[in-house]
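Subject: The structure you were going to look at

Hi,

Here is the structure I said I'd pass on.

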Amino acid sequence: MPNIKIPTPLRPYTDNQSQVSVAGGTVGDALADLVNQYPDLRAHLFNGDELRNFVNVFLGDEDTRFLDGLNTDVESDDQLRIVPTIAGGS
Amino acid sequence: MLPLVNTVAELTNEEIKRYSRHLIMPEVGIDGQRKLKAASVLLIGTGGLGSPLALYLAAAGIGRIGLVDYDVVDETNLQRQVIHGESSVGVLKIESAKRRMLDINPHLQIDTYNVPLTSANALELFAPYDVIVDGTDNFPTRYLVNDACVKLGKPNVYGSIFRFEGQLSVFYAKEGPCYRCLFPTPPPPGLVPSCAEGGVLGILPGTIGTLQATEVIKLLLGIGEPMIGRMLLYDALEMSFTTLKLRKDPNCPVCGVPHDAVELIDYEQFCGMPAHDHSNYQSSNGAEIPVPEISVTKLKSRLDAGEDILILDVRDPHEWEIVSLPVANTLQIPKGDIQAAKNALLAGRKLRDESVLAQIPDDREIALLCRSGVRSAASIRFLWEAGYKNRLVNITGGILAWAEEVDPSMPQY
């Protein structure tokens, strides 16, 4: 099953899991399974059915927005990653 | 990539000796070191990221370094802001940093700007410098730094940190994507905690700040592969470094238009949050009812008078261990749990009685507490959304204010 790497700011909503195995053949299916497993994540990732535009999902090292978005195919050994917006510096 | 600096400044014999470990490397050499002396770099922020940046760039011999910061050093900075020390507490950070930098290397010009960076002053401040380095701590300033760099055609060496995670990139719209290509809009206020709220490993800004300093030198000299079009993710707990490819968004609202057409906007309005604690920014969301506030002194006198007020401490459990209010009637439930319970209730997944909300009474006055008053105010809004109609008040300034004004023997963190 593909893996999704969860960044620190979102781990409070995944029982502090940093990796979650998900089912699904596309990025959209994988994210749907993720929020199905952890419903509190939904509001942080989606606005209705649309992925919020500050949420960046990478497949390997590629930004899925520049692949086929939520329709991008995902293989069972793929690594997905949600890249967080963080602003700390001081 | 071509070097950003093509002018050179002559080195004295003293400087040739000082920089000998650079001079004997062909990638730098005497010509490169002369370029570094002729170069200018502006550091936005002299805190966690700014500390290692300022130390190493000063030691490396960058001829002119500007520092933008309005803050003074306090004790909570010293866990990570290694350019400052105990003797600098209460001193302006730019002055403390300048002193240390000139001690490391007296052959430098250090420009200090004791101002918050704003849309009104950014272009003028950035103009004289070859490279801008973003070491700020908030979203409005990060968007401002990006947009001003795109407008002026300057590279923005970006670093950002949270807890055990860091990010590094070089946003240079002439050659690749900008910050907005990756993050077109900011997350809603309150979604991403700041380091003051979420904490940060003290060493983390050292790691990311020194990586930023490395990128600065590479850009100035035109050596190696700069992080343009790439982002490094660092996870200190896993000790993993991951590099992602970043693409230029042809529809980017900032770098997708001619650079002189870029207009700086009100970034506090854009992000819905203040950029710094000197800000006059107030949320303009007219529909938002202000949360009722109570001062710590008023709360103390009402508690002393025997009034029935429940304290709800919404900080995280590890913070309760540091210090708690000495009030018997205290309930401890983290903000995240209240938010999750509210979401589950509104989504129809859990009844009120099946979640932490069952512990929170809806028939008596509750004063909500956190470290500084931000998370407790947010928690009041969650409880309102969950249907609470009883009086909920926010303890202004949180437990820090209590330690400051009511019980100075309590530790502050």
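Below is what I found, starting with the ground rules.

This is a predicted model, where local features need pLDDT of at least 70 and side-chain atom pairs count only at pLDDT 80 or more, while totals for chains, interfaces and linings use all residues. Residues are numbered from 1 along each chain as its sequence is written, and chains are lettered from A and ligands numbered from 1 in the order in which they are written.

Let's begin with chain A. It has two helices and seven strands (DSSP runs numbered from the N terminus: H or I of at least four residues for helices, E of at least two for strands). Going along the sequence, the order is β-β-α-α-β-β-β-β-β. The radius of gyration of chain A is 12 Å, which agrees with the value near 12 Å for a compact globule of 90 residues (taken over C-alpha atoms; the rule is 2.2 Å times the number of residues to the power 0.38). Of those 90 residues, 38% are buried, meaning that 20 or more other C-beta atoms lie within 10 Å of the residue's own; 12 or fewer makes it exposed, anything in between partly exposed, and C-beta atoms are placed from the backbone.

Is it buried, exposed or partly exposed? Thr14(A) counts as partly exposed because it has 17 C-beta neighbours inside 10 Å. Tyr38(A) is 24 residues away from Thr14(A) in sequence, yet their C-alpha atoms are 5.9 Å apart.

Now for where the chains meet: 23 residues of chain A are in contact with 40 residues of chain B (contact means C-beta atoms, placed from the backbone, within 7 Å). On the chain A side, helix H2 (42-45), strand E5 (56-59) and strand E6 (62-63) each supply at least two residues.

Chain B is assigned domain 1 (13-271) and domain 2 (293-405), with bounds from an automatic or database domain assignment. The centres of these two domains, over C-alpha atoms, are 38 Å apart.

Finally, the largest nonpolar core has 94 residues, and Val41(B), Leu43(B) and Val133(B) are among those touching the most other members (a core is a set of buried Ala, Val, Leu, Ile, Met, Phe, Trp, Tyr and Cys residues joined through C-beta atoms within 7 Å). Helix H10 (residues 204-221) of chain B gives the most to this core, with nine residues.

Cheers

Definitions and conventions: Contact = placed C-beta atoms within 7 Å.
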